[in-house]
Amino acid sequence: MAEFLDLEAHDGIRMPWNVFPGTKQEAASCVVPVSAIYTPLKPFPNMPVLPYSPLRCRTCRSVLNPFSTVDYMGQIWICPFCFQRNHFPPHYASISQDNLPPDLFPQYTTIEYEAPTDKTAVPPVFLFVVDTCIIEEELGFLKSALLQAIDLVPDDSLVGFITFGTYVHVHELGFGLIPKTYVFKGSKEISQDQILEHMKFFAKKPKPITGVTSASGPRDGLTAESIARFLLPASECEFALTSVLEELQKDPWPVQADQRAIRCTSTALSVATSLLGACVPGSGARIMAFIGGPSTEGPGAIVSKSLSEPIRSHKDLDKDSAPFYQKAVKFYEALSKQLVNQGHVLDLFVCALDQVGLAELKVAVERTGGLVVLAESFGHSIFKDSLKRIFQSTESNSYNLGLSFNGIFEINCSKDIKIQGVIGPCASLERKGPLCSETVVGQGNTNAWKMCGLDKATSLCLLFEIAKRDGVDAIGQPTNNQFYLQFLTYYQHNNGQMRLRATTLSRRWVAGPGSVQELIAGFDQEAAAVVMTRLVSLKMETEVEFDPIQWLDKSLIRLCSRFGDYQKDRPSTFSLSPRFSIFPQFMFHLRRSQFVQIFNNSPDETAYFRMILYRENVSNSVVMIQPSLISYTLQKDPEPALLDVAAIGADRILLLDSYFTVVIFHGMTIAQWRNAGYQDLPEHKAFAQLLQDPRDDADAILKERFPVTRLVICDQYGSQARFLLAKLNPSATYNLNAPSPGGNVIFTDDVSFEVFLDHLQRLAVQ
């Protein structure tokens, strides 16, 4: 495992197959697709940032890299992707074997370029869109969180403010004398031209004949003064914004007892998108929407106003009996296209006990690379701490998100590899070329993607297809057995300057008899589990009548048949190489996880889990699939424990990290001692330390997560112990006679891992 972590630490990439199958047939029999999990902006302390533009190949536009062949005498470099011969420009004249530019250093397979430009750095833009249809107490929590956030916003960044309930109110912060707002009716669809007209953008100047496009700006007749009415530097509008917030009232429209509040979320987001598109197209801007309930008005409504009609469930979506769903999704798809065109991001902060329509909004957040936080209340630490984390100081803070804007991500690869698509927070730029596969997975049919918002943790899952070869040594194949891949990320760094990051890799391919051992040696089972999880989640979203458990089981059986060691029809002889041995365990926990078992979750929660999964790196995703468990006792140092009901003991504390929740679970004896107050007695310092250790470890986990994880502290046999029991392997259940050593049984009809493995071995050897 360690060598795969080293590769990630060097280039920010993990691949299930680090030795590629060489033919299409070989790749198909490998079951897990040829793929990669890549973190484009992973921070590397030793990575050079070169102060000039990169050298690009004339034909395929790839960037000069350590795998290029260089002819020092002829001043020529040969591109490893298309074999084009390119001349070095005059300023590379002194190049020689002893005098290499950093682009060619073998250790710099990942490198950044920041060419000096005359353009001034563009400040980021934050447009707050706030729901006022919430109870007074919640509004109070939200106002205090926003006042804190506004203090933390960088002084040069531009800020705008919109509130919505039955109507949408756009606040003119630049009009300092009295509070001034422009009001739009929530039930009407409003075009961008109508918005500009209504907001008096052309009061002093005639409207341009060509019309204002979704990528207009000052050059299209919008003066800087007219833009500054709504978007002001944070330092200038702090007073105006604070006074608007302090005077903010709950939506005044009366709500009858049997009705839901009239909330026009979609209209507000549409107005916000059009305002940014007119004022600051193409520059890094975020719409930060704070939503406290379901949308009941406008084109993106998810439920009717009558409380007698429940909000759609998974069952309704499966039966196609959610009347508002398709229309809302269609509206948000159109909105996501507009946002991607403008290069702007939509972030969601959802705090409500009921669903608000996250399942419908998912497409707009995901295509623009937005952040999403889901909590029960605006007073909850999950919301408050996550909001603070976004604005925490940039470089100095190790937990900062490193928010970047306006990214374009491109892939170049050897001609025997085709790109099927990307699963992750990005939008296809529809740039179809010879590198694109006929099979499309996720955002496909292109070799370039728009990433409006990305941060140092954003990770994409890239899926490839090995192009067909007839024989192992088909005619005209390149003689070396290397495949080359190059990932280019062009983005606006949080210092405001545009940068290009290039990562170039080479991987060996093998084919024919005897290749199985080499494939096994290069198998990364953690990366494989994460790719399978993203794939199964995508299939559940997009394919009708898809059975995830059957698909996962069949895939696992095929993989074990291909790479296991056994005698036919003798299950007792079955064994797996250490490279594969944990993979069945990952699949067992994946079948029981919230990604596959959606029965107990609402569509909003499922959408939330998937959005987080699609943007996280391998190590965090593995914790979502198979949580980690640490045991603390007075006799021993903390140690990892098996994720099994047998790990529970009356005299131990367990710390479970399942990514979305961190659980501190006290055994019965420990809880009794704690309730008796032993930890406060001077002779029981060791016990006080035992109680404190898991708290410290949990705090360390919470500090580096975004969104901030929920912390649950519970005791054995307490009601909240369910957070732990739901994740454990049920080796002792109510229908087995023997309870586990810790005295706990799990009330479930699920099979245990032992039974699962037994069946797997029987089926794999057939």
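**Reading contacts and burial in a predicted model**

Me: Which residue forms a salt bridge with Glu26, and how far apart are the closest N and O atoms?

Reply: In this predicted model, Glu26 forms a salt bridge with Arg562, and their closest N and O atoms are 3.7 Å apart. A pair qualifies when a side-chain nitrogen of Lys or Arg is within 4 Å of a carboxyl oxygen of Asp or Glu. Glu26 belongs to helix α2 (residues 24-29) and Arg562 to helix α14 (residues 548-563), so the pair ties together parts that are 536 residues apart in sequence.

Me: Are these two residues buried or exposed, and how is that decided?

Reply: The cut-offs are stated as relative accessible area: buried means under 20%, exposed means over 50%, and partly exposed lies in between. Glu26 has a relative accessibility of 12% and therefore counts as buried. Arg562, at 26%, counts as partly exposed.

Me: How many salt bridges does the same rule give, and which residues are linked in a network?

Reply: The count comes to 28 salt bridges. One network links Glu8, Arg14, Asp524 and Glu526.

Me: What does Asp715 form with Arg674, and where in the chain do the two lie?

Reply: Asp715 and Arg674 form a salt bridge whose closest N and O atoms are 2.7 Å apart. This pair links distant parts of the chain, with Asp715 in strand β30 (residues 710-715) and Arg674 in helix α18, 41 residues apart. Asp715 counts as partly exposed because its relative accessibility is 22%.

Me: How should I read the way α18 meets helix α19?

Reply: The axes of α18 and α19 (residues 685-703) come within 12 Å and cross at roughly 115°. The crossing is left-handed. On the side of α18, Ile670, Trp673 and Arg674 take part, and they meet Phe687, Leu690 and Leu691 in α19.

Me: How many residues of helices α16 and α17 are buried, and what covers them?

Reply: Helix α17 (residues 618-625) is mostly covered, with seven of its eight residues buried; among them are Val618, Asn620 and Met624. The elements packed against these buried residues include β1 (13-14), α13 (525-542) and α16 (603-613). In α16, ten of its eleven residues are buried, including Pro603, Tyr608 and Leu613. The cover of the buried residues in α16 includes α8 (314-319), α10 (358-367), β16 (372-375), α13 and α17.

Me: Is Ala257 buried or exposed, and where does it lie?

Reply: Ala257 lies in the loop between α6 (234-246) and α7 (265-279). Ala257 is exposed, as its relative accessible area is 80%.

Me: How far apart are Ala257 and Gly453 in sequence and in space?

Reply: Separation may be stated in these two ways. Ala257 and Gly453 are 196 residues apart in sequence and 41 Å apart in space, C-alpha to C-alpha.

Definitions and conventions
Residues numbered from 1 in each chain as written. Predicted model: local features only at pLDDT ≥ 70, side-chain atom pairs only at ≥ 80, totals over all residues. Heavy atoms only, no water. Axes fitted to C-alpha atoms, helices over the stretch in contact; angles between N-to-C directions. Helix = DSSP H or I, 4+ residues; strand = E, 2+ residues; numbered from the N terminus. Left-handed = near helix turned anticlockwise from the far one by under 90°. Contact = heavy atoms within 4.5 Å. Buried < 20%, exposed > 50% of the residue type's maximum accessible area, 1.4 Å probe, protein only.
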